[in-house]
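Dear colleague,

I am passing on the structure we spoke about, and below it you will find notes on what turned up in it. Please keep it open beside you while you read.

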Amino acid sequence: MPSLVRAVRTAELAPAILGAVALFTLMIMTFTDVVLRSAFDAPLPAATELTRILMAVIVFAGIPVISAKGQHIAVDLLDSFFPRRIRVARDGLISAACGVLLFWPAERVSVLAERARSYGDVTEYLAIPEFYPAWFIAGAVYLTGALMVLRGLTMVFAPRALTQE
C-alpha cells in the first residue's frame with residue numbers, strides 16, 4: 001500500500017504543474033493586457049476568452065490534487081462525539097460515496113463536450129474548439145471521482161497507509 005500512496009503523490013504533480021503554468025500564463029496575459037490597454041489603448045482582443053479557459057484549467061487542475069490529499073473544507077462539529085476508528089471509517093465512506101457521485105456530473109460534461117464538438121463550436125476571437133476545455137473539465141472530474149473512491153477505500157481498509165509520509 002505505501003507504494004500506491006507514493007504513486008498517487010507522484011501523479012498529483014502533473015495537474016499541480018499544469019495549474020501553475022496556467023496561472024502564470026494568466027498572470028502574464030493580464031499584465032500585458034493592462035499595459036496595452038493603459039499605455040496604448042489597445043487591449044488584447046482575446047483576453048476574455050483566454051481568461052475563461054485558463055481559469056477553468058486552474059480550477060479543474062487543482063480539484064484532483066485537493067482530493068488526493070484530502071484537503072477539502074470540512075466541518076468537524078460532531079467529531080468529538082465519535083471514536084477515532086468510527087470517524088475514519090465514516091470519512092472514508094463519505095469520500096468514496098462523493099467520488100461515486102462525481103461520475104454523474106463528469107458524464108454530463110462529457111455529453112456537453114461531445115455536443116460542442118459535433119456542432120463545431122469555437123471561441124469568438126481565437127476559434128479554439130470549445131470541446132477541448134469541456135473534455136478537460138470532464139477528465140478532471142472523472143479523475144477526481146476515481147481518486148476520492150480510492151482515498152475512501154484506503155481510509156476504510158488501510159487507514160495507516162494515508163498517514164505514512
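Predicted model: local features only at pLDDT ≥ 70, side-chain atom pairs only at ≥ 80, totals over all residues.

Since Phe-103 belongs to helix 5 and Tyr-142 to helix 6 (residues 131-157), the pair ties together parts that lie 39 residues apart in sequence. Tyr-142, at 26% relative accessibility, counts as partly exposed.

The other aromatic pair joins Phe-131 and Tyr-132, and it is tilted as well, with 4.5 Å from centre to centre and 45 degrees between the planes. Here Phe-131 is buried, as its relative accessible area is 17%.

Turning to the helices, helix 4 (residues 84-101) and helix 5 (residues 103-119) pack at an angle of about 20 degrees, and their axes are 4 Å apart. Angles under 35 degrees count as roughly parallel, and the two helices are therefore roughly parallel to each other. Gly-99, Val-100 and Leu-101 of helix 4 make the contact with Phe-103, Trp-104 and Pro-105 of helix 5; among these residues five are nonpolar, one is polar and none is charged.

Finally, Arg-90 lies over the face of Phe-82, at 5.4 Å from the ring centre.

Technical notes:
Residues numbered from 1 in each chain as written. Heavy atoms only, no water. Axes fitted to C-alpha atoms, helices over the stretch in contact; angles between N-to-C directions. Parallel < 35°, antiparallel > 145°, perpendicular 65-115°, else oblique. Contact = heavy atoms within 4.5 Å. Nonpolar A, V, L, I, M, F, W, Y, C, P; charged D, E, K, R; others polar. Buried < 20%, exposed > 50% of the residue type's maximum accessible area, 1.4 Å probe, protein only. Phe/Tyr/Trp six-rings, centres within 6.5 Å; stacked < 30°, edge-to-face > 60°. Lys NZ or Arg CZ within 6 Å of the ring centre and 35° of its normal.
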